[in-house]
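Here is a friendly walk through one model, with a look at its salt bridges, its helix packing and a few backbone spots. Keep the viewer open as you read.

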Amino acid sequence: MASSRESASTEPLRVVTFDILRGIAIAAMVFLHNGAFHLADVGAVLADPPPWLILFGFLLLWAGLFGVVSGAANAATTMRRLDNVKTTGGAWTYPPALVRGAVQTFLIVFVLHWVWTIGVGNSAVTASPDDPTLRVTMMPGLMFYGFVPRVHPESWVFASALWMIGANVLLVSLTLRGYYRHHPPRAGDNLIPFLMATAAAVLVATPFLRALLFPTVVALVRDGGASIAAAVPLALLVNDPNPVFPFFAYGLLGAIVGVSLARNEPRRTLYRRMLGAGLVLVLAGAAGLVVSGGVVVADREGIWGQAPLYFSALAWLLLGIFCWLIAGLLAAFDPGPESARTPWRPAWLRPLVRFGRLSLTVFLLEGILAMALRLGLDALAPGWNATLAPVLAFAAANLLLWHMILVAWERVGFVGSMEWALARIRRNEDRARALNEGSR
């Protein structure tokens, strides 16, 4: 029969910093998507991008924060459960339930990846549904044009943030399973150096794999038809914007944070790791960008196919910044048991935490809500989005509306949200597993 310690270990480790990171990523996504996708003539702005648009383009790449957090939360929960596994007759067996749970989560998120990429994701529209550059998803397209527009071939090979999250859940879990396949976790073992070395290998391999595989992806997509299906697995490894390479490394760096937190290691040790790794990554990324000619902004056609070194250098730079950001947020909001300082909980933190705790639901629905608001504005004030200022106000209004929705939703425990549904699935599985073990 499962012990009370083992049952408790199935509960996720609640770290406010993780919710803040998710909140930063999803709130920024809502604002940046709606500040960019709903501007009437984006092409004219892209022809001579002002500094604010270069900043927008850079910040739109911050979806990688989701990969770091998924790796951290997954590793922290896994380590807590492994610490409570009982050996049978002195023999160690890695719990198969942990791998099954990771596979199930991956499959659920993978399905949601297609729902978002093809069906409901926030995307720009053009004046004509026959525009060959149109990449609108089905539901916003139906709302705007009155019928479901064609799915652009590139949409099938788009590596979304949801794909990155699902892949990291599975790959980080398999990495931990591989490391502890023959022996249980021990304090002071070499897991963290192993994770660091694996992350470094992924980052170094990224430009070479992109140079090797990306031309094949492009050729298959341009051939069309059944060739697109053949391109999908390769594209999810190397295609824009959030493929396995390099974003598996984001999950591994997050796993280092999760392992350190689960083991209650001194925060100073974790801070040194994150600050040191961040410095190396920022320097490598900056050097790569200088060699590549600096940060550029282009439309989707121009972004698709960016040089391997440029693509990789951006990923290195961003991951370095995230390492510093995590260290700073942990120091402020989760200083650890060895600190005599009370964790900082300012009033403005609560809205950000709400966004973080319902990030998946917001991610899936924000494009539909934005299109509904846009259609209302189009009817009331045609041409309202011709200039930047009203579009930024529109983006801010979307953010405020989501804040109001989340405040109201919280009063009923977020019932009906994706997070609520997934939590119920996990609780039912844990209950069934405990009953099964108790009947043996």
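## Salt bridges, packing and backbone

Arg-350 has a relative accessible area of 35%, so this residue is partly exposed (buried means under 20% relative accessible area, exposed over 50%, and partly exposed in between, with a 1.4 Å probe and protein chains only). The model is predicted, so local features need pLDDT of at least 70 and side-chain atom pairs count only at pLDDT 80 or more, while totals for chains, interfaces and linings use all residues. Residues are numbered from 1 along each chain as its sequence is written, and side-chain values use heavy atoms, with hydrogens and water left out.

**Salt bridges**

Side chains of opposite charge can pair when their charged atoms come close. The structure holds 10 salt bridges, where a salt bridge is a side-chain nitrogen of Lys or Arg within 4 Å of a carboxyl oxygen of Asp or Glu. Three of them are set out here.

| Pair | Closest N to O distance |
|---|---|
| Arg-350 and Glu-410 | 1.8 Å |

Start with Arg-350, which forms a salt bridge with Glu-410. This pair links distant parts of the chain, with Arg-350 in helix 15 (residues 349–357) and Glu-410 in helix 17, 60 residues apart. Helices here are DSSP runs of H or I with at least four residues, numbered from the N terminus. Glu-410 is partly exposed, at 23% relative accessibility.

Next, find Arg-22 and Asp-19 in helix 2 (residues 16–36), where they sit 3 residues apart, about one turn of the helix. Is Asp-19 buried or exposed? At 1% relative accessibility, Asp-19 counts as buried. Asp-19 and Arg-22 also belong to a network of salt bridges that includes Arg-357.

Asp-378 and Arg-374 are 4 residues apart in helix 16 (residues 359–380), so about one helical turn separates them. Asp-378 counts as partly exposed at 22% relative accessibility, whereas Arg-374 counts as buried at 8%.

**Two helix pairs**

Two packed helices are described by the angle between their axes and the distance between the axes. The axes are lines fitted to C-alpha atoms over the stretch in contact, and angles run from 0 to 180 degrees between N-to-C directions.

Helix 11 (residues 244–262) packs on helix 14 (residues 308–333) at an angle of about 15 degrees, with the axes 10 Å apart. Helix 11 is therefore roughly parallel to helix 14 (angles under 35 degrees count as roughly parallel, over 145 as roughly antiparallel, 65 to 115 as roughly perpendicular and the rest as oblique). The crossing of helix 11 and helix 14 is right-handed; a crossing is left-handed if the near helix is turned anticlockwise from the far one by less than a right angle, and right-handed if clockwise. Residues making the contact (heavy atoms within 4.5 Å) include Phe-245, Tyr-250 and Leu-253 of helix 11, and Phe-311, Phe-322 and Cys-323 of helix 14. By class, this contact has 15 nonpolar residues, no polar and no charged. Ala, Val, Leu, Ile, Met, Phe, Trp, Tyr, Cys and Pro count as nonpolar, Asp, Glu, Lys and Arg as charged, and the others, Gly among them, as polar.

Now turn to helix 9 (residues 191–223) and helix 10, whose axes come within 8 Å and cross at roughly 155 degrees. That angle makes helix 9 roughly antiparallel to helix 10, and their crossing is left-handed. Among the residues that meet are Arg-210, Phe-214 and Asp-223 in helix 9, and Ser-227, Ile-228 and Leu-234 in helix 10. The contact of helix 9 with helix 10 has 13 nonpolar, 2 polar and 2 charged residues.

**Backbone spots to check**

Most residues other than glycine have a negative phi, and most peptide bonds are trans. A cis peptide bond joins Asp-240 and Pro-241, with omega about -10 degrees; Pro-241 is in the loop between helix 10 (226–238) and helix 11. The bond from Phe-245 to Pro-246 is also cis, with omega near 20 degrees, and Pro-246 lies in helix 11.

Asn-264, in the loop between helix 11 and helix 12 (267–292), has a positive phi of about 55 degrees. Asn-264 is exposed, with a relative accessible area of 54%. Phe-414 has a positive phi near 55 degrees and lies in the loop between helix 17 (388–410) and helix 18 (418–438). Phe-414 is buried, at a relative accessible area of 14%.

Technical notes:
Helix = DSSP H or I, 4+ residues; strand = E, 2+ residues; numbered from the N terminus.
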